[in-house]
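Me: I have a protein model open and would like to go through it piece by piece. Can you help me read it?

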Amino acid sequence: MDSRRTTRRPAVDGGGEGAGVGRRVRELREARGISLSALSRRAGVGKATLSGLENGTRNPTLETLYAVTAELGVPLAAVIAPPGTESATIRGTAVEATLLRAFDEDDVTFELYRLRVPPGPPQTSPAHQRGVTEHLTVFSGVLRAGPADAPVLAGTGQHISWTSDVPHVYGAVGDEEVHASLLIRYPGRSLP
């Protein structure tokens, strides 16, 4: 069994990319007047972990980034994609997602990702902010995804969607790698 698939792994590469994520988290936190301790407590992330993230000495997991951005009230793209760029790749325990585009439309922010889900254990993602929805289209393979307590199967050419303000899962079914697109809709949010 591939041990990388059963343990949490960093969401972004270390070095410049990880440091940039930390810098953007700090800027957003400070712009909102939230102390490091308060954000740590609200997001359920250790203060040392959050401090290390902001200082570029710790590379966060995807779960940590989602918890922090939910508390900051921003889409994930606000911290993973440097201003002026829209492409970034993030990794969870089972999913590799490449941000293709992030955009605002009225009072809604959308993030469009290309997903790659190799065979192996599924990934459970934490709840997003209230009202966030995910819309997934499978291009190849079979994917089990949706709310953790009621995931559904989607095969090649199929689309599924769910409200993702609850824990939700993604996992390839069978031996074929899954390729899909994921559109995340954040109501009442905008990119900074």
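The chat below goes through the helices, the sheets and one glycine.

Me: Before we start, what kind of model is this?

Reply: This is a predicted model, where local features need pLDDT of at least 70, side-chain atom pairs count only at pLDDT 80 or more, and totals for chains, interfaces and linings use all residues. Residues are numbered from 1 along each chain as its sequence is written, and side-chain values use heavy atoms, with hydrogens and water left out.

Me: OK. How many helices and strands does the protein have?

Reply: The secondary structure comes to 5 helices and 10 strands. Helices (H or I, at least four residues) and strands (E, at least two) are DSSP runs, numbered from the N terminus.

Me: And how much of the protein is buried?

Reply: Buried residues make up 48% of the 192 residues. Buried means under 20% relative accessible area, exposed means over 50%, and partly exposed is in between (1.4 Å probe, protein chains only).

Me: What share of the contacts joins residues 24 or more positions apart?

Reply: Such pairs account for 67% of the contacts with a separation of 6 or more. Contact means heavy atoms within 4.5 Å.

Me: Helices next. At what angle do α2 and α4 pack?

Reply: Helix α2 (residues 36–43) and helix α4 (residues 62–72) pack at about 115 degrees, and their axes are 9 Å apart. That makes α2 roughly perpendicular to α4. Axes are lines fitted to C-alpha atoms, for helices over the stretch in contact, and angles run from 0 to 180 degrees between N-to-C directions. Angles under 35 degrees count as roughly parallel, over 145 as roughly antiparallel, 65 to 115 as roughly perpendicular and the rest as oblique.

Me: Is the crossing of α2 and α4 left-handed or right-handed?

Reply: The crossing is right-handed. A crossing is right-handed if the near helix is turned clockwise from the far one by less than a right angle, and left-handed if anticlockwise.

Me: Which residues meet there?

Reply: From α2 there are L39, R42 and A43, and they meet A67, V68, E71 and L72 in α4. The residues of this contact divide into 5 nonpolar, no polar and 2 charged. Ala, Val, Leu, Ile, Met, Phe, Trp, Tyr, Cys and Pro count as nonpolar, Asp, Glu, Lys and Arg as charged, and the others, Gly among them, as polar.

Me: What about α2 and α3, how do they cross?

Reply: Their axes come within 9 Å and cross at roughly 120 degrees. The two helices are therefore oblique to each other, and α2 passes α3 in a right-handed crossing. On the α2 side, L36, S37, L39 and S40 meet K47, L50, S51 and E54 in α3. This contact divides into 3 nonpolar, 3 polar and 2 charged residues.

Me: Which residues of α3 are buried?

Reply: In α3 the buried residues are L50, G52, L53 and E54.

Me: What follows α3?

Reply: G56 follows α3, and its phi is positive, near 80 degrees. G56 lies in the loop between α3 (47–55) and α4. At 34% relative accessibility, G56 counts as partly exposed. In space G56 is 4.1 Å from A19, C-alpha to C-alpha, although the two are 37 residues apart in sequence.

Me: On to the sheets. In what order do the 6 strands run?

Reply: The order is β1-β2-β3-β10-β5-β8, in an open sheet with antiparallel pairing. β1 (88–91) and β8 (159–163) stand at the edges with a single partner strand each, so one side of each is left without a neighbour in the sheet. The twist averages 25 degrees from one strand to the next. Two strands pair if DSSP finds at least two bridges between them.

Me: How is β3 placed?

Reply: Strand β3 (residues 108–117) is largely enclosed by the rest of the structure, because 7 of its 10 residues are buried. β3 pairs with strand β2 (residues 96–105) in the antiparallel sense over 9 bridges, and R116 in β3 is the bridge partner of E96. β2 and β3 form a hairpin with 2 residues between them, and D106 in the turn has a positive phi of about 55 degrees. β3 also pairs with strand β10 (residues 178–187), antiparallel over 10 bridges, where R185 in β10 is the bridge partner of F110.

Me: And the sheet with 4 strands, which strands stand at its edges?

Reply: The order in that open sheet is β4-β9-β6-β7, with antiparallel pairing. β4 (123–125) and β7 (152–154) stand at the edges, each with a single partner strand, so one side of each has no neighbour in the sheet. Strand β6 (residues 143–147) and β7 pair over 3 bridges, and A154 in β7 is the bridge partner of L143.
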